[in-house]
Amino acid sequence: MQDYSMLKPLTKDNYDMLKPYYKAYQSEAHDFNLTNLIIWRNKYDLHTIELDGYLWICFYLKDLEQTAFSEPIGDHGNEEALKQSTAALLDFCKSVGIPLRFRHVGAVYKDRLIKWGTLIDGNDMENLFFTNEDSYDYCYLTEDLVNLPGKRYHRKKNNLNQFNKKYRDRHHHERIDQTNALDALLVARSWCIDSGCSENQDLCKEFEGIKDILRDWNFYSQHGVEGIIIYVDGLPKAFSIGEPLTQNMFLIHIEKASHDIQGIYAAINHRMAAHVLDRFTYINREQDLGIEGLRKAKQAYNPHHMVEKWSFK
C-alpha cells in the first residue's frame, strides 16, 4: 500500500495555514487561487503537499490516469529554492508511484522546467508540454468594462442602457454582506434549476461551492472575498463574487443572474467593474472551457489579454 500521508485533503479549515504561501506568489491565472480551489475541491479531489517551502496542489489523487500537480505556490523569483522543491516533488512521486504531470502552469515555471530537463529523467521537456486555448483566462481593462467605449462595445452598452431604462426606478444594488448573502444564494439556486444542474455534475459541484461561500460569508469576506447583488422590484436577481488576484488584477469567481430579466448580465458585469475600478487595472473573468456560448460572451467584452497555460504529460 502506497503511503500518501504527506498529501492532505484541501479543506476550508486549513485556509489560514495555506494562505502564507501566497504572499510571494504572483500569477494572473485563476486556477491556483485558494478560494477557487476551495470552490472546486470536491470535483477535483484536491489535496496539498508542502515541500521545501512551497505548496503544491494535487488534482485527482484517486485516479492515477488523471493525477496532476499545480505549479509550486511560493516565491518564483528564487530559482534554486524552486528547483529544490521541484526535485523533492519528483522524489515523492517516484516513492509512491504517482506519475509526474503538471496542470495549467504559467510561462515562467514552464520555462524553468524546460531548463531543468534533466530533473525529469533527462526527457526532452519542451516536447512534453501542451496547451489548450479553452483553459486560457480572459483579462479585461476594468475601465473598459465600466465605460464600454466605442463601437466594439455598442451591443453591450445597448443591453445595459435597456436594462437601466426599463428598470430605472425598480432596481438597486448592494454589497454582499451577512444580511443579504442568502439572497444571492436564492439567485444561485434559481439559476441552477433553470440551467439543469440535476443533470450536470459540473454545475452541481459549482453550486456546492457557491452555497459554501454564501452560507459562510463572514469567513470568506474576512479572507478578501467581496461581492455585489442586484435587486429588481425588491427581489434578488443577480450577483457577482470575486477577490484580488494580484496587486492590479481582480478575479471574478462567480457571476449568476436570473434568466427572466433582459440585460441583467450586462448590469451585474458593469456594477462589479465599477465597484473595483479605483483599485484594480484589470479584471480576470476566467476561461471559457471550450463552451461556444461562453466563449462568445467573453469575447464580446473584448479582452485586453489572455493568460496562457501549459500542461505537462
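## Cysteines

Cys 192 and Cys 197 are both buried, a word used here for under 20% relative accessible area, with exposed meaning over 50% and partly exposed the range in between (1.4 Å probe, protein chains only). A disulfide, defined as a pair of cysteine sulfur atoms within 2.5 Å, joins Cys 192 to Cys 197 with an S to S distance of 2.1 Å, and the angle of -135° about the S-S bond makes this link left-handed.

Cys 204 takes part in no disulfide, the nearest cysteine sulfur being that of Cys 197 at 5.3 Å, and Cys 204 counts as partly exposed because its relative accessibility is 25%. The sulfur of Cys 58 lies 7.6 Å from the closest cysteine sulfur, in Cys 93, which is too far for a bond.

## Basis of the model

This is a predicted model, in which local features need pLDDT of at least 70 and side-chain atom pairs count only at pLDDT 80 or more, while totals for chains, interfaces and linings use all residues. Residues are numbered from 1 along each chain as its sequence is written, and side-chain values use heavy atoms, with hydrogens and water left out.

Strand 9 (residues 226-232) and strand 10 (residues 235-246) run antiparallel and are joined by 7 bridges, and Gly 227 has Ile 241 as its bridge partner in strand 10.

Methods. Two strands pair if DSSP finds at least two bridges between them. Helices (H or I, at least four residues) and strands (E, at least two) are DSSP runs, numbered from the N terminus.
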